[in-house]
Amino acid sequence: MTDPVFNQIAIVGAGLIGASIARAAVAYGAAGSVSLYDASETVRSRAAAIGLGDVADDLGAAVADADCVLLCVPVGALEPVAAEAVPKMKAGAILTDVGSVKVQAASALAAAADGRVHIVPGHPIAGTEQSGPEAGFATLFRNAWHILTPLAEQGEGYAEAVSRLEAFWTRLGATVETMDAARHDRVLAITSHLPHLIAFNIVATAFDMETVEEGEVVKYSAGGFRDFTRIAASDPVMWRDVFLNNKDAVLECLGRFSEDLAALQRAIRWGDGETLFNEFTRARSIRKAIIDAGQDSGAVNFGRNLPKGDKDESA
Ligand code: NAP
């Protein structure tokens, strides 16, 4: 068996991402041991009950002996958590995070820097709409991207720290890319943040209509709507923090989106079938490109459990 990348890692925030890292680090031998801390006492006891690692009752005890500390808390909590963690960490250890917004994460982590630890922000492009320690699973990061956004002009040993962190995520099954933080935030604004905003909004609109239509919206939700409901079931704290901290990039995308939506609205109003057909054809080809790139499965997904004994004819 290959040596672990880190003798010990510490995970702060034992939710979906923290728990998945804990499981994957053990399953793929990326860490010799895993210590965990979560601000919530309930989460700590749930994490201990499912055997996620050595759960500590205070953050200092969790991070003290770790070679790498991974902050897996909502983006808005990064600054105070980093400020508390850094003075208790070993000299030469790595501090990273998994936050979905990187410019703000870089400044939150860098604000805590004391020159003794290496700060390397990161973001796994993997997740589900579930939260909490029980939602974590070891294969979450397999064949997914992991983006590192190293800080500029760092001292001795920094390049080696970045390489070790890259080796850790590679061991978990991810493909690691290095990117400028601002570029990360612009790309993720369109690929992740705006789609979530649209999902939250369409579900809210439908919820209002539900009252008017007396139950018909939920009853017939098998159409495109159900895919939006899955995305809109994501954690409200996490997403509140994403929008508050990636404001400029999201507003820029939203402006473009609104213009394109207005063009479709106009085409519908004036019976311009050619515009509608051309736009939908272009969208379909993008879906095909995503499947061809291995970023989604082209398998039929009609979102229902079949009654026992019924055969799925698509299989
Ligand atoms: P989650 O399941 O809600 O877990 C977050 C955990 O952090 C919760 O247990 C929370 O406790 C705890 N926490 C909050 N504030 C804390 C603090 N000050 N100190 C210690 N623990 C604290 O959320 P998640 O989905 O794992 O997301 C965690 C991070 O990963 C976020 O920054 C998010 O942007 C990023 N991310 C998420 C996804 C995704 O798909 N979910 C994908 C990539 C990256 P309470 O519940 O008691 O507040």
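**Entry 1: ligand contacts**

I began with the ligand and found one of its oxygen atoms 2.6 Å from an N or O atom in the side chain of Ser100. I count this as a polar contact, meaning a pair of N or O atoms within 3.5 Å; within protein, one atom must be able to donate a hydrogen and the other to accept it, and residues adjacent in sequence count only if both atoms are side-chain atoms. The protein covers 80% of the 890 Å² of accessible area that the ligand has on its own. Accessible areas here come from the Shrake-Rupley method with a 1.4 Å probe, and for residues only the protein chains shown count as cover.

For the record, this is a predicted model, in which local features need pLDDT of at least 70 and side-chain atom pairs count only at pLDDT 80 or more, while totals for chains, interfaces and linings use all residues. Residues are numbered from 1 along each chain as its sequence is written, and side-chain values use heavy atoms, with hydrogens and water left out.

I then looked up the backbone contacts. A backbone N or O atom of Leu16 lies 2.9 Å from a ligand oxygen atom. At Ala39, a backbone N or O atom is 3.1 Å from a nitrogen atom of the ligand.

**Entry 2: the shell around the ligand**

I found 27 residues surrounding the ligand, with Leu16, Ile17, Asp38, Val73 and Ser100 the closest. A residue is taken as near if one of its heavy atoms lies within 4 Å. I sorted the shell by class and got 15 nonpolar, 10 polar and 2 charged residues. In this sorting, Ala, Val, Leu, Ile, Met, Phe, Trp, Tyr, Cys and Pro are nonpolar, Asp, Glu, Lys and Arg are charged, and the others, Gly among them, are polar.

Which elements each supply at least two residues of the shell? I noted α1 (16-27) and β7 (122-124). Helices (H or I, at least four residues) and strands (E, at least two) are DSSP runs, numbered from the N terminus.

**Entry 3: aromatic rings**

A pair of aromatic rings is described by the distance of the centres and the angle of the planes. I searched the whole structure and found 4 aromatic pairs. Rings of Phe, Tyr and Trp (its six-membered ring) pair if their centres lie within 6.5 Å; planes under 30 degrees apart are stacked, over 60 edge-to-face, and the rest tilted.

Phe168 and Trp169 have ring centres 5.8 Å apart and planes at 85 degrees, so I logged the pair as edge-to-face. Both Phe168 and Trp169 are buried. Buried means under 20% relative accessible area, exposed over 50%, and partly exposed in between (1.4 Å probe, protein chains only). Phe168 and Trp169 form one aromatic cluster with Phe6 and Phe141.

I turned to Trp239 and Phe243. Their ring centres are 5.8 Å apart and their planes are at 40 degrees, so this pair is tilted. The two residues are 4 apart in helix α10 (residues 236-245), which means about one helical turn separates them. Trp239 is buried at a relative accessible area of 5%, and Phe243 is buried at 19%.

I also checked Tyr28. The charged end of Arg142 sits over its ring, 4.4 Å from the centre. The criterion is NZ of Lys or CZ of Arg within 6 Å of the ring centre and within 35 degrees of the ring normal.

**Entry 4: the loop between β7 and β8**

I looked up Asn143, which is in the loop between β7 and β8 (145-148). Its phi is near 60 degrees, a positive value in a residue other than glycine. Is Asn143 buried or exposed? Asn143 is exposed, with a relative accessible area of 72%.

Gly132 lies in the loop between β7 and β8 and counts as buried at 13% relative accessibility. Gly132 and Val43 are 89 residues apart in sequence, and I read 7.4 Å between their C-alpha atoms.

Ala91 is in the loop between α4 (78-85) and β5 (94-97) and is exposed at 59%. From Ala91 to Arg266 I noted 175 residues in sequence and 61 Å in space, C-alpha to C-alpha.

Thr281 lies in helix α12 (residues 273-292) and is partly exposed at 38%.
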